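Keep the structure open beside you and turn it as you read.

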Amino acid sequence: MSHNIYIYIFVMAGVTYLIRLLPLTIIRKEIKNTFIRSFLYYVPYVTLSVMTFPAILSATQNLISALAGFITAIIVAWKGGSLIKVSAAACIAVFILELILPAAI
């Protein structure tokens with residue numbers, strides 16, 4: 001079975017272009033529906049969360065240290081910490097637990 005990489009690239013480019021083109025051609029007026037506006041506002045955050053959360057759980061040697069780092073990050077962010085403080089606190093929590101916990105868990 002012969003595969004032509006140019007067909008794959010063409011299909012990928014077409015799909016990517018259509019995703020950006022269709023909203024511009026279909027929706028011409030300002031969106032006034034509050035539900036749709038709030039939905040579109042939160043789409044980037046949800047997408048980033050969906051991509052980041054599995055990486056958090058699989059980035060360490062064990063699940064316990066990953067969850068501890070995640071919970072630490074949530075607590076520091078909830079208290080109003082900056083991005084640097086949140087990431088530093090999560091890294092420190094994971095580092096300490098990785099030193100304490102055996103890698104086999």
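**A walk from ring to ring and helix to helix**

Tyr42 has a relative accessible area of 47% and is therefore partly exposed, since a residue needs over 50% to count as exposed. Please keep in mind that the model you are looking at is predicted.

Now look at what sits around this ring. Tyr42 pairs with Tyr41 in an edge-to-face arrangement, with 4.9 Å from centre to centre and 85° between the planes. Tyr41 also pairs with Tyr45: here the ring centres are 5.9 Å apart and the planes meet at 55°, so this pair is tilted. The cut-off matters here, because planes must be over 60 degrees apart to count as edge-to-face. Tyr45, at 48% relative accessibility, is partly exposed.

Where do Tyr41 and Tyr45 lie? Both belong to helix H2 (residues 34–58), 4 residues apart, or about one turn of the helix. An α-helix has 3.6 residues a turn, so residues three or four places apart point the same way. Together, Tyr41, Tyr42 and Tyr45 make up one aromatic cluster. Across the model, the count of aromatic pairs comes to 4.

Let's turn to charges next. A search of the whole structure gives 1 salt bridge. Glu30 and Arg37 form a salt bridge, their closest N and O atoms being 3.6 Å apart. Glu30 counts as exposed because its relative accessibility is 60%, while Arg37, at 44%, counts as partly exposed.

Go back now towards the start of the chain, to helix H1. Its 22 residues (residues 5–26) should span 32 Å at 1.5 Å a residue, and the end C-alpha atoms are 31 Å apart, which agrees. At the start of H1, a side-chain oxygen of Asn4 comes within 3.2 Å of the backbone nitrogen of Tyr6. Further along, H1 has a kink of about 25° at Arg20, shortly before the proline Pro23.

Our last stop is helix H4 (residues 83–100), where 18 residues reach 26 Å from the first C-alpha to the last, close to the 26 Å expected. Which residues of H4 are buried? They are Val86, Ala89, Ala90, Ala93 and Val94. These residues cover an arc of only 130° around the axis, so they lie on the same side of H4. Turn to the other side of H4 and you will find Ile84, Lys85, Cys91, Phe95 and Leu99 exposed.

Methods
Residues are numbered from 1 along each chain as its sequence is written. This is a predicted model: local features need pLDDT of at least 70, side-chain atom pairs count only at pLDDT 80 or more; totals for chains, interfaces and linings use all residues. Side-chain values use heavy atoms; hydrogens and water are left out. Helices (H or I, at least four residues) and strands (E, at least two) are DSSP runs, numbered from the N terminus. The expected span of a helix is 1.5 Å times one less than its number of residues. The bend at a residue is the angle between axes fitted to the seven residues ending there and the seven starting there. A polar contact is a pair of N or O atoms within 3.5 Å; within protein, one must be able to donate a hydrogen and the other to accept it, and residues adjacent in sequence count only if both atoms are side-chain atoms. A salt bridge is a side-chain nitrogen of Lys or Arg within 4 Å of a carboxyl oxygen of Asp or Glu. Buried means under 20% relative accessible area, exposed over 50%, partly exposed in between (1.4 Å probe, protein chains only). Rings of Phe, Tyr and Trp (its six-membered ring) pair if their centres lie within 6.5 Å; planes under 30 degrees apart count as stacked, over 60 as edge-to-face and the rest as tilted. The arc is that of the directions from the helix axis to the C-beta atoms.
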